[in-house]
Amino acid sequence: MLQYILPATGLLFTLENILWINIGVFVGSVFAAIPGLSVILCVILFLPVTYTMTAIPGMMFLLGIYCAGGYGGSVSAILINTPGTPHAAATMLDGHPLSRQGRTKAALKIALYASTFGGIFSALMLLFLGPQVAKVAAQLGTAEYFMVCVFGLTIIAGVSGKSIIRGLVSACLGLLISCIGTDPMTSYDRFTFGIPRLYLGLDLAVCLIGLFALVEILAKAEKSLGELHLDTTKIKDDGKITRQEYKRMARPVLMSSIIGVLVGIIPGTGASEASWFSYNTAKNLSKHPEEFGNGSVEGIAAAESANNAVTGATLIPLLTLGIPGDGTVAIMLSALMINGLNPGLSLFTTDGDIMYAIMLGLILVNLFMFIQGKFLTTLFAKVVSIPQEILTPIIVIFCFAGAYSVNENYFDVAVALVFGALAWILRKLELPPVPILLGLVLGRMTETNFRRALLISNGDPSIFLQSIYCKIFLALIIIAVAAIIRGKLKEQKAAKAAAVQKESN
Amino acid sequence: MKKRLLSLSLAMIMTVVLLASCGDSGSGSGKSASWKVTCPWAPSGVAAMVSQKAAAKSTQYSDTITLVAEAIAGDAATVNTWVMDTEANDPELVFVGEGLLSITSIIDPSKLQFSEDDFVFVENLYSSIFVLSAEASLNIKTIADLEAYVAQGQEISVAVNGAVGSEAFLAASLFGKMGAGDNLKLVAYQSAAEAAQAVAKGETQFAVSHQSQIQETYQQGSVSVVCAFDEKAIENGPFAGVEGVGQYGYPYFRNRCFIMARAGTDEETVAELKELYDNILADEEVVTWLQDTMLLEVDTMSQEDVDAHLENVKNIVNEYKDIVAG
């Protein structure tokens, strides 16, 4: 490794690379901040630009977009209660409430700091433990993937609000919607009603626009303008994060970075899963779980560090085994292959300097993301002071343009509208939308891995308990369920005590 | 009230203008030098990568045509939309393979809102020879080894990309012809790379994949490569010498990617496009890249070759569809 570091440094620290990193970071931040314009779409759009470049500047540009996209999604989540990208949905739960408390700048800063830490942490993991970690990840099979999904579904309880039942109803709806499209195991159509576009299933980014962005617009339409305006005269948003808050952020940031890396190295999973796992873990371990959902700094820090910790981790299986960790990284594979580089362990000996330059470059990307983020935060924070009558139409436009751009099809615009209407009805019924999102994220993956595992084992369910990894995930599921029950019992006890006190008064 | 009206008007005007301009981007006057090439498969897939490479080379070989590569995953849905949105002589090209024209057209024809008559063939972008890999511990390295293993009569599990894709039919035809159709279990994965990994993990005994997708796993010794789905042994690359199933009389087909223009496009224009693609595919750098990095072959074709290929695949699909689709 050491013999490659010096030549790699020489290859990396050129003006061209620094320039491309910064362009990538800027493009990624802005793109991801716009609902519907996902990171993957941005990478696809800008991929052709890299074909005229050599491997390192090309990868630096794409990594800039990828990492900054991880952070950029949080901007709209915090400012307008609409995640710019699916993986920023968990950030929204606390980021927007904190912004509504007049601490927009602070919320954006927490997201930036946590994102940078997560990104650098995973870049270091890639640099020092890449090949070893990748070998472990490569052993995870269908049964283990299913257990990861089940563990993911336990999060529903954490994001259900006051009623788990309502959360479960929403989650079931999400799982049901995820069944729309071609059956992944048999190729037969399900719930497509003869509509040709439906057999592809529904795009998560499009559903997200309806569920979170359009419903907000509808909700705003119900209020008077006076209710919508934030009284900025009384708010002094200096963006200051107290020492106490920094202390509280430390543990969730570290834990979530580890979770982000662990999730990222498993091909097929991604930043969305990582941010939800981390958010839930942070809530379970927090001394102030009651603050989650109401502007908790721990919540923002956990979600953001996790989704950026995924960025380096997804590169681990790509660079060491040639398996892309997620969809965006799969696109980046093209940038390497176009330059004649076929990723895998053998590339570390034939083109070690290039491989290490890319890995070191990831650290650099995160540092530039931090520097640019510091300047952009001030700019982004001003969004909240834009009058609603101007901001709202702009959001609507971005939503429709974003929905159209996913597949360049008006059908997706209609899907976003349907989901907007659905979310509005659910809001009236007091059914939380976040479990629907979880159902959509995990539904297809859960179903496919469950059915495939049973196909492999000829219907024997013991496949889910055979490997050591399955047993570890089972233990985690049991711990998560126990924590949920304990939390609910505590809540009931507190409610009883409060009632008794009220009676005695 | 005024503010509400202002807000509403602003939103409506911007939406109409934006969506109208979005819709306009797909059409062209026919005189434009830019030809949009739509790949209806994953942007990270083999076809999308080769298309991007060809697009990057197009300006080198033509002053009048610039290829602009685009990938919109969606398979039949994307091609349906393309057919609906284009007319003869529009500067638009699309990729269609045997998967749509020979497999989906038989297994699930309702998904297709087009037929071969809606296209005019320009060129074949590449040929890919699929390989069958086996879990290393099975120690199956040749077709003879495979035949001996199959003769034992035990269950055979094969990882494939998609439930009814080309890989599934290649596996079904090979094991079906060996008389093991009843023992065959096809395990569908979401991508070719995932299927290739499944055999290395021991989830399945075999996998059918592109050569490039199994290369790294093979080099690490987790799998052995048993045979190639081609007439003869593989000639180049890390799998050179691997026997072709055709040598033993088993059915096979190569995976091909046909570049199509809209039916009715001027013959002259089609000839110009074909010449451009032929020049790009003869470029030494492209040939070396296809062969060494992508493990693909340049395989330019005529309309007759295309018809023969599609007919061959259709015959295989008709013969083995019961094994694949049940």
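In the predicted model, the secondary structure of chain A consists of 21 helices and two strands. The radius of gyration of chain A is 22 Å, close to the 23 Å given by the globule rule for 505 residues, so chain A is as compact as a globular protein of that length. The C-alpha trace of chain A spans about 75 × 60 × 50 Å along its principal axes. Of the 505 residues in chain A, 58% are buried. Among the contacts in chain A with a separation of 6 or more, 78% are between residues 24 or more positions apart.

The packing of two helices was then examined. Two packed helices are described by the angle between their axes and the distance between the axes. In chain A, the axes of helix α6 (residues 104-137) and helix α12 (residues 243-264) come within 9 Å and cross at roughly 45°. This angle makes α6(A) oblique to α12(A). The crossing in which α6(A) passes α12(A) is right-handed. On the side of α6(A), the contact is made by Ile110(A), Ala114(A), Phe117(A), Gly118(A), Phe121(A), Ser122(A) and Met125(A). The residues contributed by α12(A) are Met249(A), Val253(A), Ser256(A), Ser257(A), Gly260(A), Val261(A) and Gly264(A). The residues of this contact between α6(A) and α12(A) comprise eight nonpolar, six polar and no charged.

Ala497(A) lies in helix α21 (residues 468-504) of chain A. Ala497(A) counts as exposed because it has 10 C-beta neighbours inside 10 Å, the cut-off for an exposed residue being 12 or fewer. Ala497(A) and Gly443(A) are 54 residues apart along the chain, and their C-alpha atoms are separated by 39 Å.

How values were computed
Residues are numbered from 1 along each chain as its sequence is written. Chains are lettered from A and ligands numbered from 1 in the order in which they are written. This is a predicted model: local features need pLDDT of at least 70, side-chain atom pairs count only at pLDDT 80 or more; totals for chains, interfaces and linings use all residues. Helices (H or I, at least four residues) and strands (E, at least two) are DSSP runs, numbered from the N terminus. The radius of gyration is taken over C-alpha atoms; the globule rule is 2.2 Å times the number of residues to the power 0.38. A residue is buried if 20 or more other C-beta atoms lie within 10 Å of its own, exposed if 12 or fewer, and partly exposed in between; C-beta atoms are placed from the backbone. Two residues are in contact if their C-beta atoms, placed from the backbone, lie within 7 Å. Axes are lines fitted to C-alpha atoms, for helices over the stretch in contact, and angles run from 0 to 180 degrees between N-to-C directions. Angles under 35 degrees count as roughly parallel, over 145 as roughly antiparallel, 65 to 115 as roughly perpendicular and the rest as oblique. A crossing is left-handed if the near helix is turned anticlockwise from the far one by less than a right angle, and right-handed if clockwise. Ala, Val, Leu, Ile, Met, Phe, Trp, Tyr, Cys and Pro count as nonpolar, Asp, Glu, Lys and Arg as charged, and the others, Gly among them, as polar.
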